[in-house]
Amino acid sequence: MTPTRSLRRIPVAAALVLLGATACSGSPDGPELTVSGAYIPQPALADMAAGYFTVSNTGDRDARLTSVTSDLSGDITLHSTEDNRMRRVTSFTVPAGGRLTLALGGNHLMLTDLEHKPAAGEQVSLRLHFDDADTIDVRVPVKPAGYHPGD
């Protein structure tokens, strides 16, 4: 290979490297989800508890939380609270670039038929299922009754 032919290939190789770098550094494709602030208040009843957390979505598409499973309970349902009335829902949307917050007095989980009554300090496993994103496993602390985040 002559030096002239070799030099002609450098711009082509550089363009291919830049093209590859551009393809890899683009914006996220789909939901990009993380969970924070998860907790379960120590339940007053032996067979029922609530669960709270925040799901953040830095992706470019909405995600839908469709169910939650756990070894603590075989019956976990999604609930919203509007006008002081709790109602069961089939899913929650985690908006692209936004968040879904499950908190006391608002959206929340209801865990019924508990395997045992969890105590403060215990850790509980939750698996969050989405219809358009991978599942997320979370270790959730059981907080003392009356716990309020930020106190």
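## Terms and model

A residue is called buried when its relative accessible area is under 20%, exposed when it is over 50%, and partly exposed in between (1.4 Å probe, protein chains only). By this scale R127 is partly exposed, because its relative accessible area is 37%.

The model is predicted: local features need pLDDT of at least 70 and side-chain atom pairs count only at pLDDT 80 or more, while totals for chains, interfaces and linings use all residues. Residues are numbered from 1 along each chain as its sequence is written, and side-chain values use heavy atoms, with hydrogens and water left out.

## The chain as a whole

The protein chain has 1 helix and 10 strands. Both kinds of element are DSSP runs numbered from the N terminus: helices are H or I with at least four residues, and strands are E with at least two. Read from the N terminus, the order is α-β-β-β-β-β-β-β-β-β-β.

Of the 151 residues in the protein chain, 34% are buried. A contact means heavy atoms within 4.5 Å. Among contacts in the protein chain with a separation of 6 or more, 68% come from residues 24 or more positions apart. The protein chain exposes about 9,200 Å², and carbon and sulfur atoms supply 52% of this area. Accessible areas come from the Shrake-Rupley method with a 1.4 Å probe; for residues, only the protein chains shown count as cover.

## Aromatic rings

A pair of aromatic rings is described by the distance of the centres and the angle of the planes. Rings of Phe, Tyr and Trp (its six-membered ring) pair if their centres lie within 6.5 Å; planes under 30 degrees apart count as stacked, over 60 as edge-to-face and the rest as tilted. This rule gives 2 aromatic pairs. The pair of Y39 and Y52 is tilted, because the ring centres are 5.2 Å apart and the planes stand at 45°. Y39 belongs to strand β1 (residues 33-41) and Y52 to strand β2 (residues 48-57), so this pair links distant parts of the chain, 13 residues apart. Y39 is buried at 6% relative accessibility, and Y52 is buried with a relative accessible area of 7%.

Y39 also pairs with Y147, edge-to-face, at 4.9 Å centre to centre and 75° between the planes. Y147 lies in the segment after β10 (136-143) and Y39 in strand β1, so the pair ties together parts that are 108 residues apart in sequence. Y147 is partly exposed, with a relative accessible area of 29%. Through these ring pairs, Y39, Y52 and Y147 form a cluster.

K143 lies over the face of Y147, at 5.1 Å from the ring centre. A charge sits over a ring if NZ of Lys or CZ of Arg is within 6 Å of the ring centre and within 35 degrees of the ring normal.

## Salt bridges

A salt bridge is a side-chain nitrogen of Lys or Arg within 4 Å of a carboxyl oxygen of Asp or Glu. The structure holds 3 salt bridges. In one of them, the closest N and O atoms of D131 and R64 are 2.6 Å apart. D131 sits in the loop between β9 (123-130) and β10, and R64 in strand β3 (residues 63-69), 67 residues apart. D131 is partly exposed at 40%, and R64 is partly exposed at 34%.

D137 forms a salt bridge with R127, with the closest N and O atoms 2.5 Å apart. D137 is in strand β10 and R127 in strand β9, 10 residues apart. R87 and E82 meet in a salt bridge at 3.5 Å, N to O. R87 is partly exposed at 45% relative accessibility, and E82 is partly exposed at 46%.
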